[in-house]
Amino acid sequence: MTTLALVGDIGGTNARFALVAPGSVELQAIETLPCNHYAGLVEAIQAYLEKVGAESPREACLAFACPVHEDWVKMTNNDWAFSKKAVAETLGLGTFKVINDFTAQALGIPHIDAKDLTPVGDGEAEPRRPRLVIGPGTGLGMAGLVPSQRHWIPLTTEGGHATFAPTDERERQILDFFRARYGRVSIERLLCGQGLLDLYLAHAALLGATPAYNSPAEVTGAARAGDRVARETLMRFLKILGSVCGDAALTLGALGGVYLCGGITPRLIEWLPRSDFRRAFADKGRLSAYTAGIPTWVVTAPWTGLLGAAEALHNEEVT
């Protein structure tokens, strides 16, 4: 009997696991476990294997929402920390690949169906050109995907921690609000769940309104219900996201398209066409025609990161 390999996509809030047959990206026994229910990675994996009744795997590829280039991995947005070597020894793994979560998102993109891509605006992808994968969730993930002769090569980045650059007077005021709270202001400070709430608090302060909501979900719900401050917050969030995506597309030369992943953007699909997302995406001065020609999609497939981890397991470009 073939022993299945373990794949995982671990974020700041949830750990998603599945099993795959050797050389396959067909996901089996998918489960989502809350990270805060477990002391660490090993405990979560053991709980998953017990839950699905699987024998101990010999191979695993896990994706994490944090830098993973050293043996010691410390999650950015939860309390888990571990040694790769120690985990492999504890679980008896012969092969253990650890990749960034947006590296997994990028590697999963070629395996998702067209029905799971919702276009935002115009543009046409050029085949065999770099692709940008980006999206806000607990943090802001960003990765590239570059074609080679045999495989797609993922470009792991921490682009979400680049410095936020305001593009108008309101964003300069917002920057001052965030700087008073955090000092240096990265893009991720605005484009994530907590960033959406902080943006709401900034708008309330700037508009002289008393804040009425205490979570990102409450802010988006209020925007849908017609609350002015919440609606302006959401529209500004999407405008800033568009500007950041355009900058990153220029940096990467992402003529193969931009793919919006993460936990937030798929929930805002109906807002994107009404927002300044595409205008800000294309508004790049002398290169505006270049960015205007790049297509953008929202990825609605539920397990893109798991597909990418399965791809990475036997992709020789991923070490």
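Is Glu171 buried or exposed? Glu171 is buried, at 2% relative accessibility (buried means under 20% relative accessible area, exposed over 50% and partly exposed in between, with a 1.4 Å probe and protein chains only). This is a predicted model, in which local features need pLDDT of at least 70 and side-chain atom pairs count only at pLDDT 80 or more, while totals for chains, interfaces and linings use all residues. Residues are numbered from 1 along each chain as its sequence is written, and side-chain values use heavy atoms, with hydrogens and water left out.

**Salt bridges**

- The count comes to 18 salt bridges (a side-chain nitrogen of Lys or Arg within 4 Å of a carboxyl oxygen of Asp or Glu).
- Glu171 pairs with Arg236 at 2.9 Å, N to O.
- Glu171 lies in helix 4 (residues 169-182) and Arg236 in helix 8, so this pair ties together parts 65 residues apart in sequence (helices are DSSP runs of H or I, at least four residues, and strands runs of E, at least two, numbered from the N terminus).
- Arg236 is also buried, at 16% relative accessibility.
- Asp168, Glu171, Arg236 and Lys239 are linked in a salt-bridge network.
- Arg150 and Glu316 form a salt bridge at 2.9 Å, N to O; Arg150 is exposed at 63%, and Glu316 is partly exposed at 48%.

**Nonpolar cores**

- The largest nonpolar core has 46 residues, of which Leu132, Ile134, Leu190, Leu191 and Phe237 touch the most other members (a core is a set of buried Ala, Val, Leu, Ile, Met, Phe, Trp, Tyr and Cys residues joined through side-chain atoms within 4.5 Å).
- Helix 8 (residues 228-252) gives the largest share of this core, 12 residues.
- A second, separate core of 29 residues includes Ala5, Ile99, Val133 and Ala143.
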